[in-house]
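Visitor: I'd like to learn how to read helices, sheets and overall fold from a model. Could you walk me through this one?

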Amino acid sequence: MVAQQVETKKPGTAREGPGLSILVGKMKEVIQWAIADPMTYLANWGRLYSLWPVHLETACCSIEFGAVSGSRYDCERFGILEAFGSLRQCDLIVVHGTVTRKMAPRLRWIYDQMPEPKWVIAMGACSITGGVYFDSYNVLPGVDQVVPVDVYVPGCPPRPEELIDAFVMLQDKIRKSNIR
Amino acid sequence: MPVGATGISTQQVEEDKLVVSIGPQHPGAGHFRFTITVEGDMIVDVLPDPGYVHRGAEKQTEYRNYTQSIPLLERSSLTDVTNIIGPYSLAAEELMGIEIPPRAQYLRMIMSENQRIISHLYWLGIQAIFLGHSTMFMWPLGDRDLLIDLGEMIGGARITYSYWIPGGVRNDIPGNFKERALKTYDYFEKRLVDYERIFFENPLFLKRTQGVGVLKREEAIRFGVVGPVLRASDVKSDTRLDEPYCLYKDVNFEVPVYKECDTWARCMVHLFEMRQSIRIIRQILEKIPSGSVRVKLSPQQRTRPGEAYARVEASRGAMAFHIISDGGTKPYRTKISVPSFRNLIVLKKLLIGSHVADMPAIYWSLDYWPVEADR
């Protein structure tokens, strides 16, 4: 059995030859260069300028999210429009502050129901470490115990400019990402 | 419907009825969930499920001294930060037995009335967008930022000022405040006329709110609702008038009362109150005396053992704190009575028997803010 295997392998390498294998390797590069890279770029370009946050208000930071959607800060300039529809069309969760023990399972369900690819922004001190509610009996010490977080925005509550900065950082991250 | 820790529940539903769960992921019912049973287009049953933002603020005040609790408590209602910590400061001052200088009293009133307008504008934006009026979402949220700038000028932060503290206010107003405030309010009063023309006299708004969600005078008193909901139900009740705190007895203002008792009346109360708040601030800016703005307290100020209860008129209604002290530097027990939770009780009464399409109008006319209600 062992001898047979060796015999079958040897003719195969001999038939391809060194020149053919180099060409196959180059074909991969050519395909990568000509098709895969532009397609990834195009897909990322489409994703990063049409981020749709889920309308899940977990706590008081939603006031500042309302201000960001309002006319002075207007995050629609960056392609971010709060989705007044189904979460199955959304690809971004902005966790608005404190997540309590009652809200945490809902947050995870909503995250699980969203289609890939999806991103999470943890907004406010409460969603990072618990904030001023660090010693409360009903508050999670950080939302990253429940969902994976891409961008953290500190502040209690963060100013709208900081949230817009977080959106731009997330867009940079998407631009460099390699999700097919 | 029994809702367990996982939130999964089962129930027998009759034929030709449909149970719809609304929230917490829903544009209208942020941090709040309610289940409605519909028969055709009519709502036959409503089950509110609050408590998604219960953070235990009452318990946490027992670990902190009186001044440290202020930033914690104002997070309960970021739309209404100045009024929500008002009664706490008043009750703590009563326990400490200190008198507040008149300039600090007037500054508290300025901040409180400014905050009332900010809160009402946020309500107006949300109410309008759920009636399908996008312009009225963008305008109030843009103008709200001008008033927030005024607050930022006094308090330093954007929306969390921590301005009312036991012993007075955090700091004095800057020198050019009066000039800039008058300029802003002049502009804002012109905008209110525009709001009235574009939104409050809009036939669509009238069609969707008049005669919808009627809460009669007797029912409003029996359910114990407070604030704009009570005033829209033909009851002249305002804590600023009934039991004046600060120096509200020195200023003139009117309290709106509407006989219609419907959603339209609840919206008009907010518009009326914004004008009255500007009127109060104008009077205060004319007659504010000079002097100190804060009584010096020791870092660990002790109180007398006993109880204190204080109430102010927050933008959503009467807001009260009951503090029990054992003579230490921290409260023994704090009870918060919030207007949102007291207005929630009529949600079931108003929604049963109404159309599904009227639900957003009725729900937001109560100005229910779940973060404040759950504390």
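What follows is a short walk through the sheets, a helix and the overall build.

Guide: One thing before we start: this is a predicted model.

Visitor: Let's begin with sheets. What holds the strands of a sheet together?

Guide: Strands pair through backbone hydrogen bonds, and the pairing can be parallel or antiparallel. Now look at chain A: there, three strands make an open sheet with the order β1-β2-β3, paired in parallel.

Visitor: Which strands of chain A stand at the edges of that sheet?

Guide: β1 (92-96) and β3 (151-153) of chain A do; each has a single partner strand, so one side of each has no neighbour in the sheet. From one strand to the next, the twist averages 15 degrees.

Visitor: How many bridges link β1(A) and β2(A)?

Guide: Five bridges, in the parallel sense, with β2 of chain A covering residues 119-123. If you want a pair to click on, take A:H96, whose bridge partner in β2(A) is A:M123.

Visitor: And what packs on this sheet, touching β2 and β3 of chain A?

Guide: That's α5(A), and its direction makes about 170 degrees with that of β3(A).

Visitor: Which residues of α5(A) are buried?

Guide: A:P160, A:L163, A:A166, A:F167, A:L170 and A:I174. Because they cover an arc of only 110 degrees around the axis, they sit on the same side of α5(A). Turn to the face pointing away from that buried side and you find exposed residues: A:E161, A:V168, A:D172, A:R175 and A:K176.

Visitor: On to chain B. How many helices and strands does chain B have?

Guide: Chain B has 14 helices and eight strands. Its radius of gyration is 21 Å, close to the 21 Å that the globule rule gives for 375 residues, so chain B is as compact as a globular protein of that length. Along the principal axes, its C-alpha atoms fill a box of roughly 70 × 50 × 35 Å.

Visitor: Is the β1-β2-β3 sheet of chain B parallel or antiparallel?

Guide: Antiparallel, and it is an open sheet of three strands. At its edges stand β1 (18-22) and β3 (42-49) of chain B; each has a single partner strand, so one side of each is left without a neighbour in the sheet. Ignoring direction, neighbouring strands here are turned by 20 degrees against each other on average.

Visitor: Where can I see the pairing in detail?

Guide: Look at β1(B) with β2 of chain B (residues 33-39), an antiparallel pair over five bridges. B:V20 stands opposite B:I36 in β2(B). Helix α12 of chain B (residues 339-351) lies across β2 and β3 of chain B, at about 165 degrees to β3(B).

Visitor: What joins β6(B) to β7(B)?

Guide: A hairpin, through two residues. The strands, β6 (residues 306-314) and β7 (residues 317-325) of chain B, pair in the antiparallel sense over nine bridges. To find the pairing on screen, look for B:A314 opposite B:G317 in β7(B).

Terms used
Residues numbered from 1 in each chain as written. Chains lettered and ligands numbered in written order. Predicted model: local features only at pLDDT ≥ 70, side-chain atom pairs only at ≥ 80, totals over all residues. Buried ≥ 20, exposed ≤ 12 C-beta atoms within 10 Å, placed from the backbone. Helix = DSSP H or I, 4+ residues; strand = E, 2+ residues; numbered from the N terminus. Arc of directions from axis to C-beta. Rg over C-alpha atoms; globule rule 2.2 N^0.38 Å. Pairing = 2+ DSSP bridges. Axes fitted to C-alpha atoms, helices over the stretch in contact; angles between N-to-C directions. Contact = placed C-beta atoms within 7 Å.
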